[in-house]
Amino acid sequence: MPPIKLYSNWNQRPSDSESIVEPLRKYFFICEGANTESFYFKKLISIKKEIGIHSLIDLIFIEKTEVDKDISYPKKLVDFAKIKRDELIELGEFEENRDFMIITFDLDIFKNKVDHLDELLKQQDDHLLFGFTYPSFELFLLLHVNNSLNDIILPNKDIIIKNEKIGAQRPCQVFLREVTGKNSKTNETIGDLAYHIDIAIHQEKLINQNTNKCLNDITSNIASIIEKIQCEKFPF
């Protein structure tokens, strides 16, 4: 297997004279997409203090490299995550009763494969969590834009749920580009939306966050996961 490539801002400090401390909990993120999700979570990690995440929590993005780079199908992504978790345990970088692995993926692929989704959801455990969106991660990003739920998402709900291409792009990507002026697939500054995670948390609570109707309604639970991390208090 290719070596594990991790992105974290842990112990990035102004002076080497400052003492090194170990995190009391780690959250590892593995994502379906190669660009958009990477842009977002790397920015989230770099601003974790500014968005109220405890200083003793380490957020880590696991980058897919070499032969793993194109893994995107959720089942293969879960298999990849389990392999990486086992490797991290062997390296002493993942504590099974303390740390968490979070896998994010889109649900649109399961639209006509409900049984496949049910089987996948059974793979979750206490420390392997799923962050999901229907139809796409761009929906989650749209939620970071103030009033986007009432101004953009709900008025176009049927179009978003059908998820048919508008030109060369899916609806949420089109709407996101219109409101931000950025192509979420190529412009890394789309990650700056992470500064507005509190808006996303608020708006996400007004749409479906559960799996019971996730293939028939606009859905996202990623903001709720981030909110739970924000609410972590010491001692855990």
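**Figure 1. Surroundings of Gln169 in the predicted model.** Leaving aside neighbours within four places in sequence, Gln169 touches Val174, Arg177 and Asn183. The model shown here and in the other views is a predicted one. Gln169 sits in the loop that runs between helix α6 (157-162) and helix α7 (171-180). Its relative accessibility is 17%, so Gln169 counts as buried, the cut-off for this class being under 20%.

**Figure 2. The aromatic pair Tyr40 and Phe41.** The protein chain has a count of 10 aromatic pairs. One of them joins Tyr40 and Phe41, with 5.3 Å from centre to centre. The planes of these two rings stand at 90 degrees, and the pair is edge-to-face. Tyr40 and Phe41 are both buried.

**Figure 3. The aromatic pair Tyr40 and Phe140.** Tyr40 also pairs with Phe140, again in an edge-to-face arrangement. Here the ring centres are 5.2 Å apart and the planes make an angle of 80 degrees. This pair links distant parts of the chain, since Tyr40 belongs to helix α1 (residues 36-46) and Phe140 to helix α4 (residues 137-142).

**Figure 4. The aromatic cluster around Tyr40.** Five residues are shown in this view: Phe29, Tyr40, Phe41, Phe137 and Phe140, which form one aromatic cluster. Tyr40 forms edge-to-face pairs with Phe41 and with Phe140.

**Figure 5. The protein chain as the setting of the close-ups.** The chain contains 9 helices and 6 strands. Along its principal axes, the C-alpha trace spans about 55 × 35 × 35 Å. A compact globule of 236 residues would have a radius of gyration near 18 Å, and the 18 Å of this chain agrees with that. Of the 236 residues, 50% count as buried. Among contacts between residues at least 6 apart in sequence, 75% join residues at least 24 apart.

**Figure 6. Surface and charged side chains.** The accessible surface of the protein chain amounts to about 11900 Å². Carbon and sulfur atoms account for 47% of this surface. The chain carries 30 positive and 38 negative side chains. The centres of these two sets lie 3 Å apart.

Definitions and conventions: Residues are numbered from 1 along each chain as its sequence is written. This is a predicted model: local features need pLDDT of at least 70, side-chain atom pairs count only at pLDDT 80 or more; totals for chains, interfaces and linings use all residues. Side-chain values use heavy atoms; hydrogens and water are left out. Helices (H or I, at least four residues) and strands (E, at least two) are DSSP runs, numbered from the N terminus. The radius of gyration is taken over C-alpha atoms; the globule rule is 2.2 Å times the number of residues to the power 0.38. Buried means under 20% relative accessible area, exposed over 50%, partly exposed in between (1.4 Å probe, protein chains only). Contact means heavy atoms within 4.5 Å. Accessible areas come from the Shrake-Rupley method with a 1.4 Å probe; for residues, only the protein chains shown count as cover. Lys and Arg count as positive and Asp and Glu as negative; His and the chain ends are not counted. The place of a charge is taken as NZ of Lys, CZ of Arg, CG of Asp or CD of Glu. Rings of Phe, Tyr and Trp (its six-membered ring) pair if their centres lie within 6.5 Å; planes under 30 degrees apart count as stacked, over 60 as edge-to-face and the rest as tilted.
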